Amino acid sequence: MDNRINVLHVIDSLETGGAEKILYNLTVNMDSEKYRVSVCSMEDVRDTFIVKKLENKGFTIHFPGRKKAFDPELLRNIHNIIRKESIDIVHCHVGGEFYGHVAAVATRASVITTLHGVFPYSFKQRAIIKLCGLFKKNYKVAVSKELKSLYRCNDLIYNGVHISSPGSATNKIYPGLRDSSEQILVGIIGRLSVVKNHKNFLDAAAIISPKYTNVQFLIIGDGPLFSKLKKYARDKGLSERVVFTGSREDIPSILTQMDISVLSSNSEGLPMVILESMAASKPVVATEVGGIPELIINGETGILVKPRNSIALADGITKLVESQHLRDSMGEAARSRIKKYFSTDIMIKKYCSVYSKILKNT
C-alpha cells in the first residue's frame, strides 16, 4: 500500500520563469519515499524546457486545457484530477490559486498557495476565493516580506536555488563574445515584458557605452517586446554593443561567462535570476523593488538603485565595471549569503514543515 502524501502543484503554465523554476525544484527535490508529486499546467503548452525535464524524470503532468478567462470546465477537470489521484495537498502557484482552491473545496485535499508576486484577480474571482475560504482554508505563503504584508499571508518562505560547484562555460553566449580578456559582459536575464523595464537597461547602456568601449551588453530572454526592444537599441545607436540572445536554456553556463548581472524591473516578488546570479558568484545591480532588498545587501553583495532611473542604474554598473576587486568581493559575499539563507534545501525543509502543519489541521 502506498502511504505517501500526494501533492498536486497547480500553475498557469510551465513556461520558463521564476515561479515555474520554484515549482520544478519543489517537485524534483521532495523526498520520493514520503511524497508523490504531480503537476497540473492549466495552459496546454507542452513544448517547454521544464515540461521536458519533468517528463524525463518520470513525473506526471496534467494538461486540463483552459479555454477562456473563466472556464467552469477547467474547474471540473482539476476537481476530477484531485479526486482520481487522491490528492492530499493542492499547492497553487501563479494563476493557480483560483482554480486550485475552488476545485479542491468539495474534496479532502488541503490547499496551500505560494504568492510569487502581485497577481491581478478580477472582482468575481476574489469574491469566489473569499467564499471558498469559508469552506476550505487556503494557507498562504509569501516569497517576500512585502508580499506577506500585502496579501496577509500565513507564512514567509524565501525562494531557494541550487548551489553547484563553480564551473566553466559549456556554450558560448554568442559568437564573437569574449574575444578579449579585457571585455566585460553585463547581462540582464528575463522575460522581455513591460514590468522588467529593459528600456531602463538600454538607457543605462547608452550612458555607459561611449565611456567604456570594452563593455558588451547582453539581453537574454524572449517575450512580447523582443522586436520593439531591438528597434529601441538601434535607435539608441547600440546595435554593435547590445546582443539579444533570445531564449536560452543554459542559464548556468551563461552566468559563468557574465561579469555583472542586472535587473531593471519596475516590480518583483523574489526574482530567481538574482538568486541564480548570486549563487554563481556574480555581483548584481538591481532596482530596489519587491523582495530584492531582502536578497541584496547594498554595497556588500550587490548594488541597489531606484527604479525607472537609468542614470542611477548606469552609475551602479559603472562602479563594478571600474573595479575587478569590487566585482570579485561582492560576488563571493553574494554566494555566501545564498548558501546561508536561500538554498533549495532550506526552502524544501520549510515547505515540508508547512505541509505537515496543514495536514494536521485538516
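Predicted model: local features only at pLDDT ≥ 70, side-chain atom pairs only at ≥ 80, totals over all residues.
**Figure 1. Helices and a strand in the lining of the largest pocket.** At least two lining residues come from each of helix H1 (18-28), strand E5 (110-115) and helix H10 (272-279). The greatest contribution to this lining is that of H1, which gives four residues.

**Figure 2. Residue classes around the largest pocket.** The lining of the largest pocket comprises 20 polar, 17 nonpolar and 13 charged residues.

**Figure 3. The second largest pocket.** The volume of the second largest pocket is about 890 Å³. Its lining consists of 34 residues. Nearest the centre of this second largest pocket lie Val161, His162, Ser164, Pro252 and Glu276.

**Figure 4. Helices in the lining of the second largest pocket.** Two or more lining residues are given by each of H1, helix H2 (49-56), helix H9 (251-257), H10 and helix H14 (344-360). With five residues, H9 gives the most to the lining of the second largest pocket. H1 and H10 also supply at least two residues each to the lining of the largest pocket.

Conventions: Residues numbered from 1 in each chain as written. Heavy atoms only, no water. Nonpolar A, V, L, I, M, F, W, Y, C, P; charged D, E, K, R; others polar. 1 Å grid on protein atoms, 1.4 Å probe; cavity = no way out; pocket = protein on both sides within 12 Å on 5 of 7 lines; lining within 4 Å. Points joined across faces, edges and corners; volume = space filled by probe spheres on them.
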